[in-house]
Amino acid sequence: MSMPATPVTLDRFLTPAHQALWADVDDVAAQEILPRVDRMESTPTRVESKLARLMADRGWFGVTVPEAFGGMQAGHVAKTILIHRLARVSGAAAAILQASLIPVAGLLHYGTGDQHTALLPRVATGDVLMSIAVTEPEQGGHIGGMTTRAEWDGTAWVLTGVKAHVGNSHLAGLHVVVARTAPAGTRTSKALTAFLVRAKQRGVSLLRPGAKLGLRGFSFGQLSFNRVRVLPDDVLGEVGAGFDVAQFASIVYGRPNLTALSLGLHEAAVALAAKYVSNRPRYHGTLADVSVVRDRLGSMSARLIMARILTYHAVDMLDRGLSCDDELIAAKGLGHDLAFETGTDAMELHAANGLDGDYAIQRVWRDMQSTYAPAGTGEVQRLRLAGSLLQEETGESESARIPWSVLHAERAGRPRHGPPVAV
Ligand SMILES: Cc1cc2nc3c(=O)[nH]c(=O)nc-3n(C[C@H](O)[C@H](O)[C@H](O)COP(=O)(O)OP(=O)(O)OC[C@H]3O[C@@H](n4cnc5c(N)ncnc54)[C@H](O)[C@@H]3O)c2cc1C
């Protein structure tokens, strides 16, 4: 395995261990994932469980799990390297990994000691893949409007409802399901509870995966819960703290995960466009000699440099225990926008050939559409940043008192301004 040259832009964020991980993931992506990509594209409703096993065998599902439970305990920069470098080769592979790492955050930070002992070792090995089910078909990203309910029957919670677009819906063995547990009129911040639900439990069912625009091989489908009984031991966090579990997982883990996915696709688009114009004959040379084309390439390169800095700067802050909610949100929102602009440029540089499935840019461009909605749409990110700028308190959650990133540092037992070590 040869050590890749990591971009100098990122030098200040990467330790030798990060660089070794970068080399490892590039190696696996090139040798074992790339050969599967064409088949995944040609079978759009197939869920690629072998990819998950392959990544599990490397221990990557345990990247943020403490070593005491068999994990890598490698932190957020390391997690970003995995997702980013996988996404360069396969957005779907990166999506499979990142979608499971969001609920792992919920389990890590809100789970009890018993839940950790029982579940984390199997999560770390990838024997149990997790999902987090919050979004609903009608209410979408409006978490306060959710209708999935759990009612206490004296011995167990009885859970009923439907969740939509659940990442790894068809691969996960363990779902974190957020449901309403309080009477109507209760504030959202106190009205919801997170539950651990096994995929094989009675009353849990899956809708057949439909063909999506992109991320073929990844599943983000519907889950239905029909009077599923959940014992008190499987409540994740306090009863009434489901909003906090969902928000924490989404902001501290989900947003940087999606940012990393965008970055990998962004890099792929730039590389494909540069290669295409360099090989496409025009006049006495190639399209790469045409000044207007070069001008476009220059803009693409500038956006990629910005996206890299945004992405790694935010997760480095997280690893250092700094307050960085705004940076995480900005990186997610802008990371998608920058990648998308570059993706459009790359498609236009391919012109008619870009519409041909034989050219990889089409897959990359389709995959890019998938990073807008999850973990907060562009509008939601901008509304949050505006609220922060105007120093408004939402009063909705734990973060009204303390930023999620700071809460993360404190839950991880890390000093707020400590060294860039991993948890
Ligand atoms: C690849 C992928 C993976 C996903 N993984 C998961 C997962 O693992 N778990 C999960 O629970 N969900 C997941 N989702 C769902 C995702 O969280 C939702 O798509 C997101 O919350 C938005 O919901 P929606 O798509 O229904 O859009 P809606 O909420 O219906 O929004 C539609 C449009 O209205 C805008 N809008 C809505 N409300 C407002 C407002 N108040 N102010 C301004 N604009 C507004 C939105 O920005 C958007 O443009 C995933 C989605 C994708 C695409």
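A: We begin with a definition: a residue counts as exposed when its relative accessible area is over 50%, as buried when that value is under 20%, and as partly exposed in between. The model here is predicted. Asp57, with a relative accessible area of 57%, is therefore exposed.

Q: Which residue forms a salt bridge with Asp57?

A: Side chains of opposite charge can pair when their charged atoms come close. In this model the partner of Asp57 is Arg53, and the closest N and O atoms of the pair are 3.1 Å apart. Arg53 has a relative accessible area of 36%, so Arg53 is partly exposed.

Q: Where do Asp57 and Arg53 lie?

A: Both are in helix 2, separated by 4 residues, about one turn of the helix.

Q: How many salt bridges does the structure hold?

A: The count is 21. One of them joins the side chains of Asp24 and Arg58, with an N to O distance of 2.6 Å. Asp24 belongs to helix 1 (residues 16-42), while Arg58 sits in the loop between helix 2 (49-57) and helix 3 (75-89), so this pair ties together parts that are 34 residues apart in sequence.

Q: Are Asp24 and Arg58 buried or partly exposed?

A: The cut-off to apply is 20%, since buried means under 20% relative accessible area. Asp24, at 16%, is buried, whereas Arg58, at 37%, is partly exposed.

Q: What does the salt bridge between Asp26 and Arg85 link?

A: The side chains of Asp26 and Arg85 meet at 2.9 Å, N to O. Asp26 is in helix 1 and Arg85 in helix 3, 59 residues apart, and the pair links distant parts of the chain. Asp26 is buried at a relative accessible area of 17%, and Arg85 counts as buried at 7%.

Q: Which residues are linked with Asp26 and Arg85 in a network of salt bridges?

A: The network also takes in Arg88, Glu267 and Arg308. A further distance places Arg85 against another part of the chain: the C-alpha atoms of Arg85 and Leu261 are separated by 8.5 Å, although these residues are 176 apart along the chain.

Q: Now the ligand. How many residues surround the ligand, and which are the closest?

A: A residue belongs to this shell if one of its heavy atoms lies within 4 Å of the molecule. Here 18 residues surround the ligand, the closest being Ile132, Val134, Thr135, Thr377 and Glu379. By class, the shell has 10 nonpolar, 7 polar and 1 charged residues.

Q: What are the distances from N or O atoms of Thr135, Gly141 and Thr377 to the ligand?

A: For Thr135, a side-chain N or O atom is 2.7 Å from a nitrogen atom of the ligand. For Gly141, a backbone N or O atom lies 2.9 Å from a ligand oxygen atom. For Thr377, a side-chain N or O atom is 2.6 Å from an oxygen atom of the ligand. Taken alone the ligand exposes 970 Å², and the protein buries 64% of that area.

Q: Which elements give two or more residues to the shell around the ligand?

A: They are strand 1 (130-133), strand 3 (157-167) and helix 11 (378-389). Strand 3 gives the largest share, 3 residues.

Q: Which domains give residues to that shell?

A: Domain 2 (130-238) and domain 3 (244-411) both do, so the ligand lies between them.

Note on methods:
Residues numbered from 1 in each chain as written. Predicted model: local features only at pLDDT ≥ 70, side-chain atom pairs only at ≥ 80, totals over all residues. Heavy atoms only, no water. Polar contact = N/O pair within 3.5 Å; in protein donor to acceptor, adjacent residues only side chain to side chain. Areas by Shrake-Rupley, 256 points an atom, 1.4 Å probe, with all protein chains shown as cover. Nonpolar A, V, L, I, M, F, W, Y, C, P; charged D, E, K, R; others polar. Domains from an automatic or database assignment. Salt bridge = Lys/Arg side-chain N within 4 Å of Asp/Glu carboxyl O. Buried < 20%, exposed > 50% of the residue type's maximum accessible area, 1.4 Å probe, protein only.
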